[in-house]
Amino acid sequence: MNRITTIEQKSNLAELALSMAMSGKSWDEFTDSVADKVANRLIGIFPDKREVSPCATDEKPLRGVRALCRHYGISTATLNKMMKADKIPFRQVGNRYLFYPSEVDVALKGGAAV
């Protein structure tokens, strides 16, 4: 795989590496710093992606829209409308949706979506 980098990108990496070396920081701190910069850049590119946060309980999530629809006996169209209106709490990992039944129960009973 060929990686294409611009002169500006190379100089930014070189400056970052030099500043880390001059400050006496370890390799782990350097890689963490680079990872933070990449993550911040990606968040700027994909701002509407939801963060994946763990559930407060140890329950297993329902994986996918169809699983939640079967669990609650609702149609996928209804669920999609509720998700777009932020009435149903969910996590998104790639193109997979995860739903925690305890959080969905609270939201459906009129509680605030998590």
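Colleague: How many bridges join strand β1 to strand β3, which run antiparallel?

Modeller: Strand β1 covers residues 62–63 and strand β3 covers residues 96–99. This is a predicted model, in which local features need pLDDT of at least 70, side-chain atom pairs count only at pLDDT 80 or more, and totals for chains, interfaces and linings use all residues. Residues are numbered from 1 along each chain as its sequence is written, and side-chain values use heavy atoms, with hydrogens and water left out. Strands pair if DSSP finds at least two bridges between them, and here the number of bridges joining β1 to β3 is 2.

Colleague: Thanks! Which residue of β3 is the bridge partner of Arg63?

Modeller: Strands here are DSSP runs of E with at least two residues, while helices are runs of H or I with at least four, numbered from the N terminus. In β3, the residue that partners Arg63 is Leu98.

Colleague: And what is the order of the 3 strands in the open sheet?

Modeller: β2 (residues 91–93) pairs with β3 in the antiparallel sense over 3 bridges, with Gln92 opposite Tyr97 and Val93 opposite Arg96. β3 also has an antiparallel partner in β1. Both β1 and β2 are edge strands, each pairing on one side only. Read across the open sheet, the order is β1-β3-β2.

Colleague: Which residue in the turn of the β2 and β3 hairpin has a positive phi?

Modeller: The hairpin leaves 2 residues between its strands. A positive phi of about 65 degrees in that turn belongs to Gly94.

Colleague: Now for the charges: which side chain meets Glu103 in a salt bridge?

Modeller: A salt bridge needs a side-chain nitrogen of Lys or Arg within 4 Å of a carboxyl oxygen of Asp or Glu, and a search of the whole structure finds 1. This pair links distant parts of the chain, 12 residues apart, with Glu103 in helix α5 (residues 101–108) and its partner in strand β2. The N to O distance is 2.4 Å, and the partner of Glu103 is Arg91.

Colleague: Is Arg91 buried or exposed?

Modeller: Buried means under 20% relative accessible area, exposed over 50%, and partly exposed in between, with a 1.4 Å probe and protein chains only. Glu103 and Arg91 fall in one class here. At 6% relative accessibility, Arg91 counts as buried.

Colleague: Why do the buried residues of α5 line one face of the helix?

Modeller: The buried residues in α5 are Pro101, Glu103, Val104 and Ala107. They line one face because, seen down the axis of α5, they fall within an arc, taken from the directions from the helix axis to the C-beta atoms. That arc is 160 degrees.

Colleague: What covers those buried residues of α5?

Modeller: Contact means heavy atoms within 4.5 Å. One of the buried residues, Pro101 at 12% relative accessibility, touches Glu59, Lys60, Leu62, His71 and Tyr72, not counting residues up to four places away in sequence. For the buried residues of α5, the cover includes β1, α3 (65–72), β2 and β3.

Colleague: Which residues do the ring pairs link into a cluster?

Modeller: Rings of Phe, Tyr and Trp (its six-membered ring) pair if their centres lie within 6.5 Å, with planes under 30 degrees apart counted as stacked, over 60 as edge-to-face and the rest as tilted; the structure holds 2 such pairs. Phe90 and Tyr97 are edge-to-face, 5.3 Å centre to centre with 75 degrees between the planes. The rings of Phe90 and Phe99 have centres 6.2 Å apart and planes at 50 degrees, so that pair is tilted. The cluster is made of Phe90, Tyr97 and Phe99.

Colleague: How does Tyr97 count at 25% relative accessibility, and what is the value for Phe90?

Modeller: Tyr97 counts as partly exposed at its 25%. Phe90 and Phe99 are both buried, and the relative accessibility of Phe90 is 10%.

Colleague: One last thing: which residue has a positive phi of about 55 degrees although it is not a glycine?

Modeller: Most residues other than glycine have a negative phi. The residue in question lies in the loop between α4 (76–84) and β2 and counts as partly exposed at 44% relative accessibility. The residue with this positive phi is Asp86.
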